[in-house]
Amino acid sequence: MSTDGQDRVRTFIYGSCVSRDTLETMGDTHELIAYIARQSAVSAGHPAEGVWPKLEPIESPFQRRNVKGDIEGDALAQLARRADEVDVLVIDLIDERGGVVEVGGGYVSRLAELWRAGDAEATRDGHQIDFGTDEHFALWSPSFARLATTVAALGLEERVIVLGTDWASSLDDGDPLGTSDWDLPPERANEQYRRYYERVRSLGWPVLTLPAELTTSTREHKWGPSPFHYTEAAYAHLAAGIRPVAASGR
C-alpha cells in the first residue's frame, strides 16, 4: 500500500461508473491508480485495425482515452503494467451492455462514446454482436476466462472483487425510472446478465451484489438518474464489501 501520512489502498478499476462512483465514497482509505472503462472483455487483447483513423475527433480526454484503448484492446496490457502497484482490483460488467462489433480483425465495444464519434461509418463493414445473445456469451465467456488467467499469472487473484449490481427500475422515492430507447430495460438487462455473473462465480471470483431495497436510482445522482446510477446507501453497501479485500486477500 502507498503511504502519504496514512496507508491508502491502491485500487485498479476495470469497469464502469458503478465502480468509479463507489470508489469516490472511499477516498479516505482508497486511491485510484488506474481506470479502464468502456472496454468489453471481448475487446481486450483483440485490437481492431483501421477503426481509430475513421472516427471523428473526440474532445474529452477521458472519452478519447477510453475509445482508443478499447480499439487497441489494451486492458490486459494496462493491468500487467500496473500489477505491482495493485492492492485491490475492482471489476464490473456494466459496459458489456452494448455488445461488440467484429471489425478490423478484432472487436470494439458498442457504447455511446463510439457512436457519437462516428461508429456507424467506422464499423460499417463489421458484424454487430448484441449483448445477451448466445453469440455474445460464447465470445465473452472465454474472453473473461482469459482475463482471469492473466489476473492469476500477475499474482492478483486474491485481490479481485466483482460488482454484480442489478439495474434499478425505480427511484428512491418510489417513482418508476424512465429509460432511454437505445438502452436495455432493467428487467431484461438483469435477466441477460444472470449467466454472465454465474460464469464469473464459476471462476472462483466473488460477486458483490446489492439487496433489492438498495437497487434504486435517485434524482440527486451527479450524473442524473439511470438504472446503474445508485443512491448513497447503495454505494456505502458496495464500499463495505470492497474494503476487506486488500486486508484479507478476499
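Author: Helices (H or I, at least four residues) and strands (E, at least two) are DSSP runs, numbered from the N terminus. Angles run from 0 to 180 degrees between N-to-C directions of axes, which are lines fitted to C-alpha atoms, for helices over the stretch in contact. In this structure, helix 6 (residues 134–153) lies across strand 5, strand 6 and strand 7. Helix 6 runs at about 85° to strand 7.

Reader: Before we go on, what kind of model is this?

Author: The model is predicted, so to speak of local features takes pLDDT of at least 70 and side-chain atom pairs count only at pLDDT 80 or more, while totals for chains, interfaces and linings use all residues. Residues are numbered from 1 along each chain as its sequence is written, and side-chain values use heavy atoms, with hydrogens and water left out.

Reader: In what order do the three strands of the open sheet come?

Author: Two strands pair if DSSP finds at least two bridges between them. Here the order is 6-5-7, and the pairing is antiparallel. At the edges are strand 6 (106–109) and strand 7 (127–129), each pairing on one side only. On average, neighbouring strands of this sheet are turned by 30° against each other, direction ignored.

Reader: How many bridges join strand 5 to strand 6?

Author: There are four, between strand 5 (residues 100–103) and its antiparallel partner, strand 6. To find the place, look for Val101, which stands opposite Val108 in strand 6.

Reader: Which residues lie nearest the centre of the largest pocket?

Author: On a 1 Å grid over the protein atoms alone, a pocket is an open set of points with protein on both sides within 12 Å along at least five of seven lines; a cavity is a set where a 1.4 Å probe fits but cannot get out, and lining residues have an atom within 4 Å of a point. Nearest the centre of the largest pocket are Cys17, Arg38, Arg97, Phe228 and His229, out of a lining of 25 residues. This pocket has a volume of about 550 Å³ (the space filled by probe spheres set on the points, which are joined across faces, edges and corners). Helix 1 (17–24) and helix 4 (112–116) each supply at least two lining residues, and helix 1 has the largest share, with four.

Reader: How many cavities of 30 Å³ or more does the structure hold?

Author: It holds two. The largest cavity has a volume of about 100 Å³, and of its 15 lining residues, Tyr14, Gln39, Asp92, Leu93 and Glu96 lie nearest its centre. Strand 2 (7–15), strand 4 (88–92) and helix 6 each give two or more residues to that lining.

Reader: Which residues line the second largest cavity?

Author: Its lining is made up of Arg38, Asn66, Val67, Asp70, Ser109, Leu111, Glu113 and Leu114, around a volume of about 50 Å³.

Technical notes: Contact = heavy atoms within 4.5 Å.
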